[in-house]
Amino acid sequence: MNQRPALDISDLPTFGHGPRSPTWWGTLGFMALEGTGFALAAGAYLYLATLWPNWRLSAPEPNHWPGTIVTLLLIVSLVPNHILNGYAKQCAIGPVRIGMVVMSLLGIAPLIVRWFEFPALNIYWDTNAYGSMLWVLLGLHSTHLITDVGDTIVLTVLMFTRHGYSGRRFGDVGDNVFYWDFVVLTWIPIYLLIYWVPRLG
Amino acid sequence: MSSADLTSERDLPPEREATTRGDLVPERDGPRDTGMDDASLHRWLARTWRTPPGIIGALSSVDHKVIARRYLITAFLFLCLGGLNAVVMRIQLSGPQRGLIGPDLYNQLFTMHGVTMMFLFAVPIVQATGIYLVPLMVGTRNIAFPRLNAFSYWVYVSGGLFAWVSFALSMAPDVGWFAYVPLSGPEYGPGKRADVWAQMITYTEVSSLAVAVATIVTVLKQRAPGMSLDKIPLYVWALLVTSFVVVFAMPAVMITSTFLILDRLVGTHIFNPAEGGDALLFQHLFWFFGHPEVYIIFLPATGMVSAIIPAFARRPAFGHLGLVLSLIAVGFLSFGLWVHHMFATGLPKLGASFFTASSMLIAIPNGVQIFCWLATLWDGRPVIRTPLLFVLGFFFTFVIGGLTGVMLASVPLDLQVHDTYFVVAHFHYVLIGGSVFPLLGAAYFWFPKITGRMMSERLGRWHFWLAMIGFNAAFFPMHIVGLWGMPRRVYTYPAELGWGNINLFISAGAVLFFLSFVLFAFNLVHGALRGAPAGDNPWDAGTLEWATSSPPPSYNFARIPVVTNVEPLWAEREALAVATGLRVDARELIISTVAEAHPDIREKSATPSIWPLLAAIAVGGTFLYSIFTPWAIVWGAAPIAITLIGWFWPKGDPEDEE
Ligand code: HEM
Ligand SMILES: [Cu+2]
């Protein structure tokens with residue numbers, strides 16, 4: 001078919017941050033589907049909890065402290081996370097490198113505490129359905145935590161190589177910040193569900 | 001809006017000094033397509049966008065058309081395998097007490113038939129059609145996240161192989177396509193068969209979810225400049241809505257299959273009522289996915305119908321906005337219906353009434369769509385060719401399926417015919433009428449674009465009539481034998497019941513229907529080898545995929561079109577408005593804004609890579625191993641991590657850097 005030039009786009013930039021970039025939308029898509037998974041797992045928990053009048057099925061109360069420490073660590077990590085985002089937008093390599101190292105450490109810290117959270121549930125996954133659901137919920141979130149921390153560490157290393165000086169990499173840092181927010185936000189309802197909802201009734 | 005508006009200052013993104021700000025290596029600029037003559041442009045783009053030669057090259061391909069072709073062929077092979085399952089079942093059922101097949105094999109046969117058709121044929125083939133067509137229709141050069149797309153294909157193939165190798169080893173699932181507990185649970189489902197079901201679900205859903213995300217981002221961010229929301233082709237809308245339904249429905253079945261495998265493998269009690277779990281929870285979770293699944297299959301088919309009808313009615317679709325709104329409404333409503341699959345489980349009465357009402361409500365947007373299509377045909381000057389014939393076949397069949405569906409939505413009737421052949425008849429009318437017929441029409445319609453050649457029109461008509469007669473002969477009498485009380489999923493029946501003759505008739509119809517696919521396969525091969533050359537736009541249709549050559553070059557469009565109309569090729573007959581200024585030595589494409597599709601970024605698209613295949617092998621191996629031990633997840637983590645790092649680590653191409 002014949003063509004007729006009608007628009008010149010040669011001056012467009014070659015990368016963009018946030019909702020301008022397709023990767024951001026892809027990340028949002030994955031958050032939507034993983035969030036649905038979280039919601040359904042939580043729904044399954046609540047379904048069973050309302051089905052059985054003696055929910056917790058006479059299991060001992062979990063020790064909430066490891067979980068509470070994880071929660072506090074995660075919430076605190078949001079502050080450097082967003083400072084990092086600002087530097088990524090300015091494409092400032094020095095502060096971004098420092099920020100990525102900080103975020104890697106702030107990812108590893110809750111993971112270590114998480115290790116102690118499982119025994120603090122005071123029940124095994126194969127004791128009864130209550131135990132199963134606690135392990136499932138905690139396991140589901142831990143998987144996200146581990147993969148995101150792994151991702152952050154790889155990206156940190158990448159930022160220290162010559163590949164770090166590119167707009168696309170700074171965009172990746174922005175998306176990493178975005179995904180970490182998601183990991184923190186999904187934890188809050190699960191934390192409440194595991195440690196506090198059964199104490200209500 | 002005229003194309004001149006697009007270049008006005010108001011619409012262009014604000015000047016930014018992106019490349020000079022911050023700590024960036026200054027962009028290495030390359031040659032642009034501005035003012036380049038056609039021959040050099042083709043030489044440049046062909047070199048930049050080609051799939052590398054050789055086996056490794058082929059396995060590294062990230063071209064959406066190459067991946068889609070593989071998907072289409074693989075899904076068609078699975079259709080044939082699933083069809084063979086069905087033919088074998090029908091031979092066994094063609095007379096009372098035939099001894100061809102025992103109950104154990106029969107259980108595997110109907111389960112494999114069901115899972116193959118649903119997970120390995122129907123969903124992959126509609127998504128594959130989208131992988132091929134959506135980037136062309138929105139006027140871009142590749143799908144978003146091309147490597148993820150390649151990965152999805154490899155995971156899908158491994159899932160299919162896994163299921164069928166299990167079948168060859170007599171290890172196939174035998175618990176029905178929805179694998180209800182407790183039958184599939186640890187107590188009643190010994191051996192590995194139910195685990196095979198659970199993990200094949202995981203493979204296929206990982207793959208569908210990946211394709212859905214890639215499709216959504218392609219539609220939202222890669223549309224040609226000027227293709228604002230109201231100018232998106234209806235087929236693309238259908239795939240967009242479908243992809244959203246996938247994103248919110250498929251996690252449910254992954255959760256279901258994961259819970260099941262946990263119960264079976266590590267002794268959790270999620271579905272075990274004796275230890276505080278619940279068996280009905282399985283059904284809720286499964287059907288939260290299962291009902292939308294029907295629409296995941298059906299919505300893209302309606303998109304195909306909306307593309308075929310205007311082309312043959314010779315006018316744009318009547319009620320474009322109404323059609324879009326109905327698609328969205330169906331997408332939403334599909335999540336409110338799942339419980340109608342569970343009427344026989346004794347739910348609270350009020351709940352059941354709610355789901356009856358919403359099941360009937362969904363007839364409204366579907367009715368609107370059918371009305372708009374008929375109005376388009378009525379007002380146009382229809383040219384009856386094979387694609388349109390299949391669309392007419394779809395109307396006829398789908399309306400019958402819809403009618404029995406409304407009947408089943410009323411609880412008393414459902415209780416009577418639950419688990420009989422009436423239900424088998426109903427869902428084949430919906431699935432085959434609502435999805436396979438439009439797909440066949442779509443095959444005739446887009447085959448010329450994919451291969452550059454036409455399929456035979458004469459064979460096409462034979463195919464159509466053979467399929468219609470075979471299909472109705474096979475499935476209409478199932479309603480009757482179902483009302484007589486013949487249950488589904490039985491491997492035989494006693495002669496005294498008097499079901500012999502009608503079943504013989506059904507089986508003959510099934511064989512006829514199967515033969516229609518043999519004829520179709522012949523027509524495909526014959527068309528690909530001997531068909532008349534098609535030219536760019538054999539049907540004189542109006543959407544962008546017809547603006548490029550058939551088959552399209554690796555880079556799809558020499559220059560990205562600028563869109564001013566829903567049917568751009570009808571609006572601008574002499575010359576297509578295009579954008580200039582992209583680099584030709586790197587894989588550049590245009591990223592545009594979500595609503596208005598203003599050009600915003602010159603983004604680089606990923607280059608070919610073998611890593612998606614390696615990652616799929618690592619992921620697939622982990623899934624396979626995990627039916628034997630939960631430690632597979634731990635051992636599999638390292639190879640998965642390595643392959644993913646290999647995938648994302650920049651290799652220094654221009655595509656990696658900016
Ligand atoms: C050659 C064409 C086909 C024939 C002759 C056929 C025949 C049958 C028969 C006889 C059954 C019932 C088996 C039983 O309950 O004992 C069945 C079940 C089923 N069919 Fe088909 N079918 C065909 C195509 C399809 C297609 C294209 C789809 C989906 C897109 C499909 C989806 C299913 C499903 C989901 C089941 C239920 C399996 C289960 O009970 O778990 N079929 N089919
Ligand atoms: Cu349904």
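An oxygen atom of ligand 1 is placed 3.3 Å from an N or O atom in the side chain of Tyr421(B), a polar contact in the sense of a pair of N or O atoms within 3.5 Å. The model is predicted, with local features requiring pLDDT of at least 70 and side-chain atom pairs pLDDT 80 or more, while totals for chains, interfaces and linings use all residues. Residues are numbered from 1 along each chain as its sequence is written, chains are lettered from A and ligands numbered from 1 in the order in which they are written, and side-chain values use heavy atoms, without hydrogens and water.

Two further contacts involve ligand 1. One of its oxygen atoms is 2.8 Å from a polar backbone atom of Trp177(B), and a nitrogen atom of ligand 1 is 2.8 Å from an N or O atom in the side chain of His113(B). The elements giving two or more residues to the shell are α4 (64-93), α5, α15 and α17 (500-530) of chain B; helices here are DSSP runs of H or I, at least four residues, numbered from the N terminus. The largest share, seven residues, comes from α15(B). In total, 24 residues surround ligand 1, each having a heavy atom within 4 Å of it.

The iron atom of ligand 1 has His113(B) (NE2) and His428(B) (NE2) as its protein donors, at 1.9 to 2.0 Å; donors are N, O and S atoms within 2.8 Å of the metal (3.2 Å for Na, K and Ca), and water is not among the atoms. His113(B) belongs to helix α5 (residues 103-137) and His428(B) to helix α15 (residues 421-451) of chain B, 315 residues apart. Both His113(B) and His428(B) are buried, meaning under 20% relative accessible area with a 1.4 Å probe and protein chains only.

Because Phe288(B) lies in helix α9 (residues 279-313) and Phe335(B) in the loop between α10 (320-333) and α11 (349-361) of chain B, the pair ties together parts 47 residues apart in sequence.

Terms used:
Buried means under 20% relative accessible area, exposed over 50%, partly exposed in between (1.4 Å probe, protein chains only). A polar contact is a pair of N or O atoms within 3.5 Å; within protein, one must be able to donate a hydrogen and the other to accept it, and residues adjacent in sequence count only if both atoms are side-chain atoms.
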